[in-house]
Amino acid sequence: MVTSSLSTCRLRKEFILNSLHQPGDVVLGGLFEVHYTAMFPNRSFTSEPQPPVCLGFDTLGFRHASTMAFTVDEINRRSDLLPNVTLGYSLFDNCGALVIGLSSALAAAGGQERQFVLQENCTAPPPVIAIVGDHYSTFSIAISDVFGLYRMPIVSYFATCSCLSNRKKFPSFFRTIPSDAFQVRSMIQILKHFGWTWVGLLVSDDDYGLHVAQSFQSDLPEIGGGCLAYTETLPWDSYSEELRRIVHVIKTSTARVVIAFAHEIHMINLLEEVSQFWEHTFQCKFAPAPAEWREGGGALCTGHEDLQNIDTEFLDVSNLRPEYNVYKAVYALAHALDRLLRCEPGRGPFPGSSCATLHTLEPWQLVHYLEKVNFSTSFGDQVSFDENGNVLPIYDIMNWNWLPKGQIYIENIGEVKMSSVVADLSIYGNKIFWNYENKKPPQSVCSKSCPAGTRMARQKGQPVCCFDCILCSEGTISNTTDSMECHMCPEDFWSSPTRDQCIPKKTEFLSYHEPLGICLTTASLLGAFICAVVFGIFTYHRSTPVVRANNSEMSFLLLVSLKLCFLCSLLFIGRPRLWTCQLRHAAFGISFVLCVSCILVKTMVVLAVFKASKPGGGATLKWFGALQQRGTVFILTCIQAVICIAWLVTASPAPHKNTEYQNDKIVYECVVGSAAWFIVLLGYIGLLALLSFMLAFLARNLPDNFNEAKLITFSMLIFCAVWVAFVPAYVNSPGKYADAVEVFAILASSFGLLVALFGPKCYIILLKPERNTKKGLLKILRKPPKYH
């Protein structure tokens with residue numbers, strides 16, 4: 001601060017600072033960390049204040065300051081840039097302390113002369129027209145807060161805090177290093193490239209680290225789909241207990257990747273605490289060391305080994321990236337000043353189209369030209385600032401490599417640069433050195449990726465990256481990795497065993513190609529064939545007494561109806577279709593009514609013949625002539641036909657895809673349409689069968705060698721037993737087995753009738769022809785009847 005009289009100004013306080021100066025027509029200020037810590041003496045109101053003592057020489061900071069001096073000298077030697085103008089510099093050491101850095105900036109801007117005389121027409125540039133620095137974001141924020149009021153340009157080479165992009169708050173701040181916002185996005189792109197979704201985060205305890213932590217925590221889940229296993233703040237000092245705790249967190253975490261946004265001092269302190277680094281670098285072992293190590297002459301680590309005596313990247317001068325940022329910062333100011341001085345009077349950018357001059361130069365005028373800087377360095381890199389004072393974002397991706405002798409070198413393996421609004425990542429994977437036996441990148445995920453066929457289930461109380469993989473339930477699938485939910489399969493599809501695709505459901509019906517269908521088909525055709533054979537035998541022997549004596553016309557009609565019964569069972573086999581569903585029960589019902597009607601008529605004829613053989617019973621036969629027999633069969637069959645037609649018209653059976661039995665299977669079946677009509681159809685057949693059985697039972701002991709009534713009784717007993725057993729079996733059989741039960745009942749009852757009614761007759765005709773004579777029959781007829 002200064003006090004003024006009429007003619008003089010005097011410094012109220014003198015700052016004793018570590019500084020380096022070179023005079024020039026225009027002077028640039030510079031703030032660097034040549035020492036990384038400071039010791040402040042005790043304050044006393046009675047004693048003369050003592051300046052702080054800077055400790056700990058910082059090689060990197062000294063290189064930065066030397067780079068600025070080198071760049072100014074290089075510009076002064078050029079004739080194409082700032083001709084006839086000599087640049088000077090005032091370089092200050094901030095000693096790693098904010099108060100010293102801010103004091104240095106104020107001293108640079110206000111000058112350090114103890115006293116100077118004010119002249120009425122005094123015109124001269126300020127002590128410095130711009131400042132290159134500071135190193136830290138926190139220091140740059142504090143300095144920009146003050147210097148922004150006067151629009152003095154500040155060009156930082158290392159402050160990356162995204163908060164400094166706030167143009168309203170920091171209108172004269174520029175930087176030649178990308179903002180943390182881009183740095184965070186670049187790091188997230190690298191994490192995505194290697195599939196690392198579960199990482200730890202270490203940040204420095206300052207504005208740089210805190211803003212990075214906020215950006216990383218918000219952007220990582222949204223952009224990279226990852227999560228933070230932990231976030232730790234690195235202390236400024238080398239307090240071992242805190243560092244030891246952080247190392248313990250790193251080692252016990254399941255995250256195999258650690259992201260660090262920190263300064264060199266933080267990383268040195270941390271790596272000193274991590275012994276796979278310390279022991280490897282110094283070729284020693286911390287106690288207790290293995291016995292074989294001690295016996296082999298191996299050294300024990302003391303913890304006081306000096307990193308600066310080791311050839312590491314920390315002190316490698318072959319890579320000057322921060323120094324290059326200093327180089328670009330000085331050149332940006334030089335180009336802005338050059339354009340300012342080349343302004344043509346009357347065509348300037350300031351009020352009245354005026355230009356600035358070297359003797360009337362004010363810092364805010366330089367800001368105007370600095371915003372429009374656009375030049376290329378001697379290395380071919382383009383330098384310009386956006387509306388927030390940031391340069392074009394670009395990063396090199398470096399990889400640490402171990403040399404055989406334990407030395408470390410760093411190789412460029414890619415780059416990240418801004419392309420439109422996203423970070424464009426290029427990595428040369430074949431150049432990467434992975435310090436693992438398999439030479440492959442580690443996997444760092446909280447939970448392994450869920451394969452197709454599973455869904456992610458969040459673990460309670462854990463970040464979104466921690467989840468369990470749950471197998472999709474039956475009928476649902478997920479065909480992508482890390483699916484959040486499983487999707488239902490379409491109606492006719494079901495999930496595969498791995499639940500990763502929908503496959504057509506298995507179809508089930510009584511097929512001609514399966515063993516059960518083949519057996520039933522064979523039995524049906526065999527029955528029809530036997531009926532045809534018997535029909536042929538009866539036709540060939542139609543004039544014999546056995547055929548003629550047993551109502552041959554009804555026997556032939558019965559054989560035809562039995563053949564239809566066998567053949568109608570084929571309608572129950574094969575994939576159900578509309579016509580087969582409609583025809584199967586109608587054909588079955590009509591065929592069996594025709595069959596049972598013939599049996600009923602034969603039974604009635606037997607009873608009529610027996611009654612006619614008694615005195616006065618001859619008139620009975622006139623009611624059972626051939627015409628009456630045919631008419632009875634026709635009427636009884638027509639009744640069943642009417643039932644079937646009414647059924648088909650009112651509630652027709654139809655094919656149906658049933659999934660109630662098994663979800664993964666489609667059972668093709670014929671629904672009856674109306675259970676009532678189905679019961680009426682079966683009930684009518686049962687009624688005729690029961691009537692035939694009762695009549696035959698009454699006539700079972702009639703006097704005859706070849707008693708037709710006995711055969712009918714036995715056949716009806718088989719018929720009724722089969723169909724009584726059919727009902728519960730049919731109701732309790734699912735799917736195709738219901739059809740199989742019905743076919744079995746049809747075949748069993750048909751074979752029962754065929755064997756019971758025609759077996760004994762064929763036996764006599766074919767094997768006992770001597771009995772198939774009129775004499776044989778008369779002989780038997782003479783036998784006295786049995787009465788009970």
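**A walk from the helical core to the sheet**

Phenylalanine 588 touches Cys568, Phe572, Leu681, Leu682, Ile685, Trp723, Glu742 and Ile746, leaving aside residues up to four places away in sequence. Contact here means heavy atoms within 4.5 Å. The model is predicted, so local features need pLDDT of at least 70 and side-chain atom pairs count only at pLDDT 80 or more, while totals for chains, interfaces and linings use all residues. Residues are numbered from 1 along each chain as its sequence is written, and side-chain values use heavy atoms, with hydrogens and water left out.

Phe588 belongs to the largest nonpolar core, which has 68 residues. Phe588, Phe719, Trp723 and Phe758 touch the most other members. A nonpolar core is a set of buried Ala, Val, Leu, Ile, Met, Phe, Trp, Tyr and Cys residues joined through side-chain atoms within 4.5 Å. Buried means under 20% relative accessible area, exposed over 50%, and partly exposed in between (1.4 Å probe, protein chains only). Helices that each supply at least two residues of this core include helix 12 (515-540), helix 15 (578-612), helix 17 and helix 19 (736-767). Helices (H or I, at least four residues) and strands (E, at least two) are DSSP runs, numbered from the N terminus.

Take helix 17, residues 675-698. Its end C-alpha atoms are 34 Å apart, which agrees with the 34 Å that 24 residues should span at 1.5 Å a residue. The expected span is 1.5 Å times one less than the number of residues. Among the buried residues of helix 17 are Phe678, Leu681, Tyr684, Ile685 and Leu688.

Helix 12 has 26 residues. It reaches 37 Å from its first C-alpha to its last, close to the 38 Å expected. Its buried residues include Gly517, Leu520, Ser524, Val534 and Phe538. The buried residues of helix 12 pack against helix 13, helix 14 and helix 19.

Helix 19 also holds aspartate 739. Is this aspartate 739 buried or exposed? Aspartate 739 is buried, with a relative accessible area of 7%. It touches Leu510, Phe572 and Arg584, again not counting residues up to four places away in sequence.

Six strands form an open sheet in the order 3-7-4-9-10-11, with mixed pairing. Two strands pair if DSSP finds at least two bridges between them. Strand 3 (19-22) and strand 11 (173-175) stand at the edges, each with a single partner strand, so one side of each has no neighbour in the sheet. The twist averages 20° from one strand to the next. Axes are lines fitted to C-alpha atoms, for helices over the stretch in contact, and angles run from 0 to 180 degrees between N-to-C directions.

Strand 3 and strand 7 (residues 87-93) run antiparallel and are joined by four bridges. Leucine 20 has leucine 91 as its bridge partner in strand 7. Helix 1 (residues 59-76) lies across strand 3, strand 4 (26-32), strand 7 and strand 9 (130-132). Helix 1 runs at about 175° to strand 7.

Elsewhere, isoleucine 410 lies in strand 20 (residues 408-419). Isoleucine 410 is buried, with a relative accessible area of 17%. Its C-alpha atom is 6.2 Å from that of methionine 398, twelve residues apart along the chain.

Finally, the whole chain. It has 20 helices and 30 strands. Buried residues make up 45% of its 788 residues.
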